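Here is a short report for a first look. Please keep the sequence and the model side by side while reading.

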Amino acid sequence: MTVPQVTLNDGVQIPQLGYGVWRVPNDEVVAPVLTALETGYRHIDTAAVYRNEEGVGEALKQSGITRDEVFVTSKLWNDKHKAADAREAIETTLTKLGLDHLDLYLIHWPATAKYGDDYIEAWDALQQFRAEGLTRSIGVSNFNPEHLDKLNGAVPSLNQVERHPSFNRAELFGELKARGIALEAWSPLGNQRDPSDLDLPAVKQVAEQTGLSPAQVIIRWHLQTGDIVIPKSVTPSRIAENFDVFGVELSAEQVELLSGLDAGNRQGGDPLTQA
Ligand SMILES: NC(=O)c1ccc[n+]([C@@H]2O[C@H](COP(=O)([O-])OP(=O)(O)OC[C@H]3O[C@@H](n4cnc5c(N)ncnc54)[C@H](OP(=O)(O)O)[C@@H]3O)[C@@H](O)[C@H]2O)c1
């Protein structure tokens, strides 16, 4: 199965479908990441704050997959925005992953509620890391347009933000597109919180029409609206199911139906208050 690649504004290519590992403990992460890699995923999304970079690194090593075949993202945590702290953080991340470079390094949150505009210093540090070859691409996560505006004219390659049918971020999506910044959707399935996007009647209706599962319908919606998407599962059958999404296309009407489900249903943190 060939996963489409998205070319970022710096020329780096990222597989449009990846695999996220938030809330998978370090001592439980090796097996699902190995399953994901065996299934065909070639894009893993972790973060320092997930505390599972060592396990992810172990899985990468055990898989035997060559470094240039897999795209690895990690993220700088909020209390490491000062330049010296950021350097220590990327070095620790690389050591834990057992890698000499990342493919993508993100500022996890602007974290202005606690650290003011320190994220601007973090951005300067990331630019330096890219220049030194410690990461191929640099981006941000959970940035609103007003945060992007303060990066002294720099344009991150990507913004990783919460997006799923009941929280579809149409305005932010358009804004990022206009700026040439790719949108990567976190909690793409809505993180299975209550109410779950998987249970929405329109999602179930499209699932019945297409023969896809509700999760596959939502992943196809992300792919067809142009997101990069990183569903998480520790369940082998779901890891396979979430990857098996390239045989069927949703119709334009079905995509439109799903794009009409926005209910402002934010499940995770808000960039304006997250510390
Ligand atoms: N930048 C950020 O601030 C940020 C924030 C949140 C997440 N993320 C990233 O985005 C990734 C994905 O987001 P997420 O983990 O919050 O949520 P998600 O991928 O939307 O949903 C994960 C949940 O859905 C379940 N699930 C997965 N596939 C399923 C399927 N086919 N059918 C039914 N249920 C299914 C999983 O259960 P099981 O695991 O039990 O199978 C898990 O409970 C994270 O792992 C992380 O890498 C980033």
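## Confidence and numbering

pLDDT is the predictor's confidence in each residue, on a scale from 0 to 100. The chain averages a pLDDT of 97, and 100% of the residues score at least 70. Elements here are DSSP runs, numbered from the N terminus: helices are H or I with at least four residues, strands are E with at least two.

This is a predicted model, in which local features need pLDDT of at least 70, side-chain atom pairs count only at pLDDT 80 or more, and totals for chains, interfaces and linings use all residues. Residues are numbered from 1 along each chain as its sequence is written.

## The sheet

Eight strands make an open sheet, with parallel pairing. The order is β3-β4-β5-β6-β7-β8-β9-β10. Strands count as paired if DSSP finds at least two bridges between them. The edges belong to β3 (19-20) and β10 (228-229); each has a single partner strand, so one side of each lacks a neighbour in the sheet.

Strand β6 spans residues 102-107, and six of its six residues are buried. Buried means that 20 or more other C-beta atoms lie within 10 Å of the residue's own; exposed means 12 or fewer, partly exposed lies in between, and C-beta atoms are placed from the backbone.

Strand β5 (residues 71-76) runs parallel to β6, joined by four bridges. Lys 75 stands opposite Leu 106 of β6, and Ser 74 stands opposite Tyr 105. Between β5 and β6 the chain passes through helix α3 (residues 83-97), and this β-α-β crossover is right-handed. That term means a clockwise path from the first strand over the helix to the second, with the strands pointing away from the viewer. β6 also pairs with strand β7 (residues 135-141), again parallel, over five bridges. There, Leu 104 has Ser 137 in β7 as its bridge partner.

## Helices α1 and α2

In α1 (30-39), the buried residues are Val 30, Pro 32, Val 33, Ala 36 and Leu 37. They pack against β3, β4, α2 and α10. Gly 40 follows α1 and has a positive phi, near 130 degrees.

Helix α2 covers residues 53-63, and its buried residues are Glu 53, Gly 55, Val 56, Gly 57, Ala 59 and Leu 60. Their packing partners are α1, β4 (43-45), β5 and α3. Just after α2 comes Gly 64, with a positive phi of about 75 degrees. An α-helix has 3.6 residues a turn, so residues three or four places apart point the same way.

## The ligand shell

How many residues surround the ligand? The count is 28, and the closest are Gly 20, Trp 22, Leu 189, Ala 215 and Lys 232. A residue is near a molecule if its C-beta atom, placed from the backbone, lies within 6 Å of it.

By class, the shell holds ten nonpolar, 14 polar and four charged residues. Nonpolar covers Ala, Val, Leu, Ile, Met, Phe, Trp, Tyr, Cys and Pro; charged covers Asp, Glu, Lys and Arg; the others, Gly among them, are polar. Helix α10 (residues 236-243) gives the most to this shell, with three residues.

## Loop residues to look up

Leu 134 lies in the loop between α5 (118-131) and β7. Is Leu 134 buried or exposed? It is buried, with 20 other C-beta atoms within 10 Å. Beyond its neighbours within four places in sequence, Leu 134 is in contact with Ile 90, Leu 94, His 101, Leu 102 and Phe 129. Contact means C-beta atoms, placed from the backbone, within 7 Å.

Asn 152 sits in the loop between α6 (145-148) and β8 (158-162). Its phi is near 50 degrees, a positive value in a residue other than glycine. With 9 C-beta neighbours inside 10 Å, Asn 152 counts as exposed. Arg 169 lies in the loop between β8 and α7 (170-179). Its phi is positive too, near 55 degrees. Arg 169 counts as partly exposed, with 19 C-beta neighbours inside 10 Å.

Gly 264 is in the segment after α11 (252-259). Gly 264 is exposed, with 8 other C-beta atoms within 10 Å. Gly 264 and Phe 167 are 97 residues apart in sequence, yet 5.0 Å apart in space, C-alpha to C-alpha.

Notes: Two residues are in contact if their C-beta atoms, placed from the backbone, lie within 7 Å.
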